[in-house]
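Please read these notes with the sequence and the model open side by side. They take up helix packing, a chain contact and the sheets in turn.

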Amino acid sequence: MSAAAHIPSSTKGEGGAQEVRAPAGSRWMAYLLLLPGLLWLGVFFVLPLVQLGAVSLQSRWPDFPGYYYPDLNWHNYVQALTDYGPHFARSFVYAGLATLFAFVLAYPLAYAMAFKAGRWRGIMMICIIAPFFTSFILRTFAWAQILSDEGWVADVLNALHLLPGGQIINTPIAVVAGLTYNFLPFMVLPIYASLERADPRVIEAGGDLYANGLTTFRTVTLPMSMPGVLAGTLLTFIPAAGDFVNMELLGPQRGKMVGNVINDQFLAIPGGYPIAAALSFTLMAAILVMVFLYVRRFGTEELV
Amino acid sequence: MGDLRDAHGDLQLESVTKRFGDFVAVDGLDLEVPRGSFFALLGPSGCGKTTTLRMIAGLEQPTAGRVLIGDTDLTGSRPYERPVNTVFQSYALFPHLSVHDNVAFGPKRRKAKDADTRAGEALELVQMADFAARKPAQLSGGQQQRVALARALVNRPEVLLLDEPLGALDLKLRREMQVELKRIQTEVGLTFIHVTHDQEEAMTMADTVAVMNRGHIEQMGPPEELYDLPRTRFVANFVGQANMGPGTVEGTDGDYLVADVYGTKVKVKRSRSQVQEGSLLFGVRPEKVQVSRTQPEGGGNDVMGVVKDVSFLGVATAYLVEMPSGTIWSCYEQNLDVEPIDLRPGDQVWLRWNPAHAFAVAPEGALQEAAR
Amino acid sequence: MASTTAHRPSATRRTRTWLADHFVMLVAVAVLVYLFLPVAYTFAFSFNDHGKTNIVWQGFTLEHWKDPCGVPGACESLVTSLQVGAISTFIATVLGTMMALAMVRYRFRGKAMSNVLIFIPMATPEIVLGASLLTIFVQGFTNLGLRLGFWAIVFAHIMFCISFVVVTVRARIQSLDPRIEEAAQDLYAGPQSTFWKVTFPLILPGVLGAAMLAFSLSFDDFIITNFVSGNESTFPKFVYVSARRGIPAEANVIGFSMFVIAVALVVAAQVVRSLRTSGSTNQKG
């Protein structure tokens, strides 16, 4: 049920035509309607981020682990990046791979739903959304069972001598597989939404003009679904880059992702707040910059 | 505010202006619509007719000027305070309510005790009583149109506004509804203001037609008058077709002005010309022009041309004739005879008309191809 | 002989055309199977007669289905999750719907800023949201008496659900014909009754969709919850914490039951909707 509902607006981008034109005083009505929600976002989103920024610059009391004093300790960022640079790299690489695989799997499914499914469309839609209703941790844990050393996946791959380490669970492969799985629906639904709006006759016309299916896809179908692809890659990449659950349940003991570090530094290791806050802030900044560049490069202005 | 709803009388717009940013949609419009008349606002899209309608409804507020019904000033009041109802172009039926509830919506908002009875009667009037329980989505375009009409009529408004109400219907249905609308208007005796870009629709239904262009009214009057004696070039071309040509007044001949149009002397009644001297735009309606192979007797209003195209239309035959000046005139000849038409493109013909049927308007701006 | 040679290529071609035509559909079905595989495992392993860890299949038993609440904490955490979900869904839906109305129907100063403020929470990784909330609770809100725990979870969930509600409801409002509301005003409905008699019934499906989305986001959230829950346990947190020792099959029972209930509700809603609009085939937006 997640992405489907909100994607349509991401590409439609209308709205101007429906604004109430003049009525004096109606602006106050708008503020009245907005205020509670904005206030909530202010107190529970903006304020915490400001605090996170402040914490990322705090210093530790040398003798009291878990106690900090306000400071402008930029060294936290230096330390965060030197100590955990590889974790950042892993997060982005794994999330990038998962996004790529999710795209490869999602596109045919979205395409089939939009153009081939006919009356099965509704049922396929339910099939995509339904797994959401089982807790995502349970589903990730199910992957731990499926990929376990005793499971059939490992057996098959071993029989084919495709697993150099003899194991698939506790490897980065399992992590990427888990990430791909978990965020796949977020890729399918927006692509489907933008393909569904496309006119199949345009694709047929493309088929007439180019004859070659691949050329038609590259020059006609894909560009038409670009808004959906854009939204889908963001909806997959962002949560994947910040995730730590897949690494925790499916991944190796060493070579974690930045999400694991942040989680552990905050919740498991005393005295880790400033570094973890610096890591969080860097992660958010990196992702926002990437989103911005990405949308500038590929996207329509109107993302929301 | 209750008294606004009791306003009675003629609808009056006093120098109403509406601006959207720099764009002037309606420009100092004065208009008086007598109570109980069927009035049409005719004009091309973007001429300001819908904006005028929305200001009467209260959905837009004028930038300047006043809107009155009788002596009651409605300017500044809200749509729900006015004794005015609208039939929207897209019908705008409430999709979540049944046909009956759609129609009863207005009376219920006004706390009428007999809302349901009145809704039933209104549906009866538009012959939709059998569909009362349906949802709008289960109706055809024409049926939705009737419901939209009933939903407005049921309130017995002082003024009923119709915004291109027949635009979405096919030709046959549109003809039927034109007759139907006229019948209903006569029956209920309310003031109807009908906005349309279809001149034929305006002419068939309305007692009075106002032709709008660029935010102001070009001419207003009964349909016959607009057709017979257009006062501006815009009206001449928008209401029906006209063969036109620029000319200069050279003198008078009794009741007639004599003008030179592309080297040909033509006559036009002084009373039928908006210009008495200098340059003018001379015009004749296509069906007033006779086509013949030989030069008619008693010269004057006749010109020689070359046939460009002949189309047989059944009741009439339409000719396109190229004039010496290069302009194309169109002419309709009624097919009174059963002889086959022997004129072919390339043939030389004489065109003739009764000078009493000609008209002339001010040339306004650059010369333009008059006939289509 | 000649006829068979002529026939053979057309047969292989027919297979090939069939494959080409149905290739996309076959891939799609394979992907759907992939999506359902873990759900099937969750279901299957709810019958596993497991020992310490529920990783390897050991034998069939109905034990776990008889008393899913037998494991300490399982049902308590489920109830907490349902409560959190209900409260935060309600508040987020109300606030988000109000915001969506303002964003579509009015022009005002600060609209672009509001848009950004609504968008950014969705583009922020959950771990950053959770971490920032943790810092402000520990170093700020606690001093005001607002501690980590049940209400902290609720407040956090409302925060990240609002944005999703806004975009969902906004899409619905944008698809409405503004003339319909004008018609209501034209028919003597003031602002209040225009809203309650016309606008609200028409955006209701979008609002319900948004509420469902908010509930499923809240119910399944672990990362943010983990930061602000203190000693409180939600169902995902319960599962995650017990994963260290091995998730008890009772969790599978509960998880799978939730899946069945949710799917049944969705299907029922679809059926009701198609029954109600049956016959109204020519409805256009």
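1. At what angle do helix α3 and helix α6 of chain C pack, and how far apart are their axes? Helix α3 (residues 74-105) of chain C packs against helix α6 (residues 150-174) of chain C at an angle of about 40°, and their axes lie 6 Å apart. Helices here are DSSP runs of H or I with at least four residues, strands are runs of E with at least two, and both are numbered from the N terminus. The axes are lines fitted to C-alpha atoms, for helices over the stretch in contact, and the angles run from 0 to 180 degrees between N-to-C directions.

2. The model is predicted, so that local features need pLDDT of at least 70 and side-chain atom pairs count only at pLDDT 80 or more, while totals for chains, interfaces and linings use all residues. Residues are numbered from 1 along each chain as its sequence is written, and chains are lettered from A and ligands numbered from 1 in the order in which they are written.

3. To return to the pair in chain C, α3(C) and α6(C) are therefore oblique to each other, given that angles under 35 degrees count as roughly parallel, over 145 as roughly antiparallel, 65 to 115 as roughly perpendicular and the rest as oblique. The crossing of α3(C) with α6(C) is right-handed, a term used when the near helix is turned clockwise from the far one by less than a right angle, with anticlockwise giving left-handed. Their contact holds 20 nonpolar, 8 polar and 1 charged residues, where Ala, Val, Leu, Ile, Met, Phe, Trp, Tyr, Cys and Pro count as nonpolar, Asp, Glu, Lys and Arg as charged, and the others, Gly among them, as polar.

4. In chain A, helix α2 (residues 26-55) and helix α12 (residues 273-298) pack at an angle of about 125°, with 8 Å between their axes. That angle makes α2(A) oblique to α12(A), and the crossing of the two is left-handed. On the α2(A) side the residues are Leu52(A), Gly53(A) and Val55(A), which meet Tyr273(A), Pro274(A), Ala277(A), Ser280(A) and Phe281(A) in α12(A); contact requires C-beta atoms, placed from the backbone, within 7 Å. By class, this contact of α2(A) with α12(A) has 6 nonpolar, 2 polar and no charged residues.

5. Between chains, 85 residues of chain A are in contact with 85 residues of chain C. The most on the chain A side comes from α2(A), with 20 residues, and that side of chain A divides into 61 nonpolar, 17 polar and 7 charged residues.

6. Chain B has 9 helices and 20 strands, and its C-alpha trace spans about 75 × 45 × 35 Å along its principal axes. One open antiparallel sheet of chain B has 4 strands in the order β2-β1-β4-β5, with β2 (23-33) and β5 (72-73) at its edges; strands count as paired if DSSP finds at least two bridges between them. Strand β4 (residues 64-69) of chain B joins β5(B) over 2 bridges, and Leu68(B) has Asp73(B) as its bridge partner in β5(B).

7. A second open antiparallel sheet of chain B has 5 strands in the order β15-β19-β16-β17-β18. Its edges are β15 (290-292) and β18 (328-334) of chain B, each with a single partner strand, so one side of each is left without a neighbour in the sheet. Between β15(B) and strand β19 (residues 348-352) of chain B there are 3 bridges, and Ser292(B) stands opposite Trp350(B) in β19(B).

Definitions and conventions: Two residues are in contact if their C-beta atoms, placed from the backbone, lie within 7 Å.
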